[in-house]
Amino acid sequence: MTENKTFTIIKPTAVKNNYIGPILAKINEANFKIIALKYLKMTEEQAKAFYKVHEERGFYSELVNYMSSGPVVVAILEKDNAVEEYRNFIGATNPADAKEGSIRKLFGDSLQANAVHGSDSNENAEIEGNFFFSLTERF
Ligand code: ADP
Ligand code: MG
């Protein structure tokens, strides 16, 4: 992946709240192109591996439990300057601080259940996309 791609997860609470459709619609409206998409449930081991960068943080085990608690949607998105554009589009980590109209403001429930994940760098977008998708699963 290059600088026009990012990786996202629609988190378990957003899936449970039937926000897959509304969130994907917003992603389309904002001109992100979906080039890979899957509905799946992570095992605890997979969530641990995915969030390994956060293993020293106090919320790590809670986050791992939460992210493996139910099905999620994972996707690779394409747009110019995708990582920065998507972070701006989803809003601040805590939905309470996220700007009006942002995904986390509209669909987030709490700091943990903040509707979506978005990669924080091109390097991590590549690592995260590769974690879930093989070469034949992206178009
Ligand atoms: P972001 O998702 O905005 O990049 P981080 O990478 O800092 O935020 O954190 C990863 C995820 O961990 C957040 O999206 C959120 O679900 C959860 N999280 C972050 N900070 C906390 C916290 N203080 N307490 C509980 N969960 C947190
Ligand atoms: Mg992050």
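**Ligand 1 and its pocket**

In this predicted model, ligand 1 takes up the space of the largest pocket.

Q: What volume does the largest pocket have?
A: Let's start with the space itself, which is where ligand 1 sits. The lining of this pocket counts 26 residues, with Y51, H54, R57, L63 and H117 closest to its centre. The volume of the largest pocket comes to about 660 Å³.

Q: Which element gives the most residues to the lining of the largest pocket?
A: Four elements each bring at least two residues to this lining: α3 (44–50), α4 (60–67), β4 (116–118) and α7 (122–132). With four residues, the top contributor is α7.

Q: How do the residues of the shell around ligand 1 divide into nonpolar, polar and charged?
A: Around ligand 1 we find K11, H54, R57, F59, L63, R87, T93, R104, L111, Q112 and N114. For the lining of the largest pocket, the division is 10 nonpolar, eight polar and eight charged. For the shell around ligand 1, the division is three nonpolar, four polar and four charged.

Q: Which residue has a side-chain N or O atom 2.8 Å from an oxygen atom of ligand 1?
A: Polar contacts are counted within 3.5 Å. For H54, a side-chain N or O atom is 3.1 Å from an oxygen atom of ligand 1. For N114, a polar side-chain atom lies 2.9 Å from a ligand 1 oxygen. The 2.8 Å distance belongs to the side chain of R87.

Q: What share of the area that ligand 1 exposes when taken alone does the protein bury?
A: Taken alone, ligand 1 exposes 520 Å². The share of that area buried by the protein is 79%.

Definitions and conventions. Residues are numbered from 1 along each chain as its sequence is written. Chains are lettered from A and ligands numbered from 1 in the order in which they are written. This is a predicted model: local features need pLDDT of at least 70, side-chain atom pairs count only at pLDDT 80 or more; totals for chains, interfaces and linings use all residues. Side-chain values use heavy atoms; hydrogens and water are left out. A residue is near a molecule or strand if one of its heavy atoms lies within 4 Å of it. A polar contact is a pair of N or O atoms within 3.5 Å; within protein, one must be able to donate a hydrogen and the other to accept it, and residues adjacent in sequence count only if both atoms are side-chain atoms. Accessible areas come from the Shrake-Rupley method with a 1.4 Å probe; for residues, only the protein chains shown count as cover. On a 1 Å grid over the protein atoms alone, a cavity is a set of points where a 1.4 Å probe fits but cannot get out, and a pocket is an open set with protein on both sides within 12 Å along at least five of seven lines; lining residues have an atom within 4 Å of a point. A molecule sits in a cavity or pocket if more than half of its atoms lie within 2 Å of its grid points. Ala, Val, Leu, Ile, Met, Phe, Trp, Tyr, Cys and Pro count as nonpolar, Asp, Glu, Lys and Arg as charged, and the others, Gly among them, as polar. Grid points are joined across faces, edges and corners, and a volume is the space filled by probe spheres set on the points.
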